[in-house]
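Hello,

Here is the structure I promised to pass on. My notes follow below it.

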Amino acid sequence: MPRRRRGRFTPKKTTKSHGGDPASPTEAEWRSMTEFGSFVVRDEEDVEHIFRKGDDATVLPYKAIVGEELPLHKYWVARIKEIRAKGEDEVWARVQWHWSGHEVAGTIKSFHGASCGNYERIYSDHFDYVSSSAFDAVVHVHKFFETNPNQPYIGKDEFYTRYTFEYKARIINPRPGSGTCVCEEPYSPDDTMGLMHFCPRPSCRHAYHQKCLLAEFKDPESSMTRSLRLLASSPDSDETIVLEDLISSEPPKKKRRGRPAKKSLDPIGVSLEDLLKGMPSGLVLVAQQPIVRGAAFSAGGVSGNVQAVLHARNMVYAALSGTPIPDDWEDNVDIDRAIVRVPGRKPIPAFVCPKCGGAI
Ligand SMILES: [Zn+2]
Ligand SMILES: [Zn+2]
């Protein structure tokens, strides 16, 4: 593994632009260089950082000011595809760039860079050679699928990607705004006023701007039934779940075997309300949240609470059918990230999905 002292405060060693470093090897030179699986750079405190083939990493941008702290989202991000060395001391990586929204907007005029978040990157088919001295740190770039009901949580200070970019063909995939609201405006993760409501049903799975729902998609039913109507919107059914129909006629399976069933545990004749009251209150509260994402709901990060709420709903459905709630349910349901709180705003209005009419 070649080693190289990091030159992060020597700008002449950084790449000149996404267009390439004039000092970078030619194709013929590259082919003659020795291949490695990783390289190490030392920072100013002499701490070693290892970079491997396949890693996503931050790269010091061109014109970075010497010695000046740079916010993480200002770094360039690239995937290391190959590593080769020339002689003892010169190490280069062939990288595939993740572009920022503003960079793509500079190439495709119709693309709205402003609807991309600061930490958003667009995985391109654009390659370069980058000197090992320009690498800063290995980072994780989350994949963000806006229509995925199992989308894992993405914090607002984490890199993520939802589009790909074909540089020569000038194509962005998926088309921004597809798979989203009736207005076809894309989700803008850093818009602090923005909130989108997601419908989890299999034939929907679109998110809608709250501002687009306000005029005509208010739930006509009373707010008393709102939480139950939200709970009854399932990722596995296009119909409203009849929660009472899920209630098992069999006694629930006991965690402690060998003890006679107490009459009070027999669900026959027990109401839905009583069964929900017998479950962990945090779990039921999460299951009854609207599925929301947007910077106005800060705790939800970029992805929102979709995965946590749907995990909770599925556990509640299973519990109504007689499957005990696992003791470690909180491992899958982070309450603090799932409960929708929007500072300075009135309670979230009751909305229905413009497509299916379900509570969202
Ligand atoms: Zn909209
Ligand atoms: Zn729907």
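**Aromatic pairs and the zinc site**

There are 12 aromatic pairs in the structure. Keep in mind that this is a predicted model.

One pair is worth a look. Phenylalanine 39 and phenylalanine 51 are stacked, because their ring planes stand at 15 degrees, under the 30-degree cut-off. The ring centres are 5.2 Å apart. Phenylalanine 39 belongs to strand β3 (residues 38-42) and phenylalanine 51 to strand β4 (residues 48-52), so the pair ties together parts 12 residues apart in sequence. Phenylalanine 39 and phenylalanine 51 are both buried. Ring pairs also bring in Phe135, giving a cluster of Phe39, Phe51 and Phe135.

Two arginines sit over tyrosine rings. Arginine 337 lies over the face of tyrosine 153, 3.8 Å from the ring centre. The charged end of arginine 170 is placed over the ring of tyrosine 167, at 5.0 Å from its centre.

Now the metal. Which protein atoms are the donors of the zinc ion (ligand 2)? They are the SG atoms of Cys199, Cys204, Cys353 and Cys356, at 2.3 to 2.4 Å from the ion. The arrangement is tetrahedral, because the four donor atoms subtend angles of 104 to 114 degrees around the zinc ion. Along the chain, the donors follow the spacing C-x4-C-x148-C-x2-C. Cysteine 204 and cysteine 353 link distant parts of the chain, 149 residues apart. Cysteine 204 is in the loop between β14 (196-198) and β15 (207-209). Cysteine 353 is in the segment after α9 (335-338). Both cysteine 204 and cysteine 353 are buried.

Best wishes

How values were computed. Residues numbered from 1 in each chain as written. Chains lettered and ligands numbered in written order. Predicted model: local features only at pLDDT ≥ 70, side-chain atom pairs only at ≥ 80, totals over all residues. Heavy atoms only, no water. Donors = N, O, S within 2.8 Å, 3.2 Å for Na, K, Ca; no water. Tetrahedral: all angles 85-135°; square planar, octahedral: opposite > 155°, others 65-115°. Helix = DSSP H or I, 4+ residues; strand = E, 2+ residues; numbered from the N terminus. Buried < 20%, exposed > 50% of the residue type's maximum accessible area, 1.4 Å probe, protein only. Phe/Tyr/Trp six-rings, centres within 6.5 Å; stacked < 30°, edge-to-face > 60°. Lys NZ or Arg CZ within 6 Å of the ring centre and 35° of its normal.
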